[in-house]
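Subject: Structure handover and findings

Hello,

Please find the structure below. My notes on it follow, with cut-offs given where a term comes up.

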Amino acid sequence: MKHKDNGIIDENLYDKKSFRARSRDKMIKRERRLRRQILMVCICVILLVSLVGIIWMVSDFNKAGKKVAGKPDNSVAAGKNVTEKPTATPVPTPTPTKEPEGKEKWLRKDLDPDKPMVALTFDDGPYSPVTDKILKTLKKYDARATFFTVGNRISTYESSVKKAYEQGNQIASHTYSHVYLTQISNKKIKKELARSNKAIKKAIGCGFDTLRPPGGMVNDSMKKVINVPMIYWSVDTEDWSSRNTDKILAKCKSIKDGDIVLMHDLYPTTANAVKKLVPRLVKKGYQIVTIDELFYYKGIDAKGGVVYFSGR
């Protein structure tokens with residue numbers, strides 16, 4: 001609608017009013033838009049603060065409900081939701097294997113019962129110049145033997161007895177003074193064996209559990225007194241007689257599964273024979289074992305006062 005004054009239309013006045021109206025409308029629209037923007041920002045801030053609060057509460061609840069090993073849970077940062085890393089499963093600490101003690105030291109439980117076995121035995125020692133050479137060969141091939149020691153020699157060559165024991169060899173008795181047990185009273189037999197046991201125990205910390213009577217001499221009276229198994233042999237090398245390495249080895253050609261071989265750790269020729277014999281037996285598949293190992297794997301429950309010739 002145009003304004004009239006004295007019949008003249010004032011176009012400028014119309015234009016001025018129109019411009020003011022338009023400016024006011026634009027200003028009103030900007031104010032409304034600004035208010036809406038401010039409102040949206042406030043709503044976003046409120047939602048963000050609420051979300052952070054909820055996450056914080058959940059995090060505290062989880063911490064209170066569980067005991068989690070390791071570092072504190074910093075899974076929530078300001079304004080960000082960080083996924084918690086899974087806790088690694090703890091690996092159990094292996095229990096140390098207990099070192100065998102006493103008579104357990106000369107009884108291995110990891111041998112193959114299906115492979116042939118032979119027990120090398122040595123009488124009349126210890127005697128370090130020979131015993132130590134035999135021990136060196138045994139150790140090289142992870143072999144074991146049984147040493148029937150004479151008690152009154154142990155204090156002189158105690159280092160060899162200890163070395164034999166530490167390598168897993170069996171320490172047995174050949175009496176204290178190498179006396180023929182058939183020629184002494186039962187009382188003296190008990191004393192002889194008690195002194196032998198004491199000497200062995202002093203050297204290695206445990207006593208003997210097998211006996212070889214000197215000369216292989218046994219009678220019924222002895223069997224009633226002696227409470228450990230008595231060990232004979234199935235292969236006699238006669239090393240004490242020949243004192244010849246080749247002849248000793250010749251006697252060993254007949255060795256078969258379960259045999260007990262008789263030798264003496266007093267003669268250098270015996271040590272030389274052992275140096276050649278052990279690798280030959282190992283090459284043939286033999287396990288070279290102690291008397292206790294031989295009986296264990298062959299299922300022999302050795303009794304006191306009983307004589308055993310082999311593991312068969």
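Predicted model: local features only at pLDDT ≥ 70, side-chain atom pairs only at ≥ 80, totals over all residues.

A residue is called buried under 20% relative accessible area, exposed over 50%, and partly exposed in between (1.4 Å probe, protein chains only). Residues are numbered from 1 along each chain as its sequence is written, and side-chain values use heavy atoms, with hydrogens and water left out.

Salt bridges

Side chains of opposite charge can pair when their charged atoms come close. With a salt bridge taken as a side-chain nitrogen of Lys or Arg within 4 Å of a carboxyl oxygen of Asp or Glu, a search of the whole structure finds 10. Three of them are described here. Helices (H or I, at least four residues) and strands (E, at least two) are DSSP runs, numbered from the N terminus.

R108 pairs with E293, and their closest N and O atoms are 2.7 Å apart.

The salt bridge between K298 and D257 has an N to O distance of 2.9 Å. It links distant parts of the chain, with K298 in helix α10 and D257 in the loop between α8 (245–251) and β10 (260–264), 41 residues apart. K298 has 26% relative accessibility, so it counts as partly exposed. D257 is also partly exposed, at 31%.

K162 is partly exposed, with a relative accessible area of 38%, and E158 is partly exposed at 23%.

Cavity and pocket

Both were found on a 1 Å grid over the protein atoms alone: a cavity is a set of points where a 1.4 Å probe fits but cannot get out, a pocket is an open set with protein on both sides within 12 Å along at least five of seven lines, and lining residues have an atom within 4 Å of a point. Grid points are joined across faces, edges and corners, and a volume is the space filled by probe spheres set on the points.

The whole structure has one cavity of 30 Å³ or more. The largest cavity has a volume of about 40 Å³, and its lining is P126, T131, F147, T149, S160, V161, A164, I171 and D265. The elements that give two or more residues to this lining are β6 and α4, and α4 supplies the largest share, three residues. For residue classes, Ala, Val, Leu, Ile, Met, Phe, Trp, Tyr, Cys and Pro count as nonpolar, Asp, Glu, Lys and Arg as charged, and the others, Gly among them, as polar. On that basis the lining of the largest cavity has five nonpolar, three polar and one charged residue.

The second largest pocket holds about 240 Å³ of space. Its lining has 15 residues, of which D123, D124, G215, W240 and H264 lie nearest its centre. By class, the lining of this pocket divides into six nonpolar, five polar and four charged residues.

Backbone

Most residues other than glycine have a negative phi, and most peptide bonds are trans. D124 has a positive phi of about 75° although it is not a glycine. D124 sits in the loop between β5 and α2 and counts as buried at 16% relative accessibility. P126 lies in the loop between β5 and α2 as well, and the peptide bond from G125 to P126 is cis, with omega near 5°. R243, also not a glycine, has a positive phi of about 45°. R243 is in the loop between α7 (239–242) and α8 and is partly exposed, at 48% relative accessible area.

Regards
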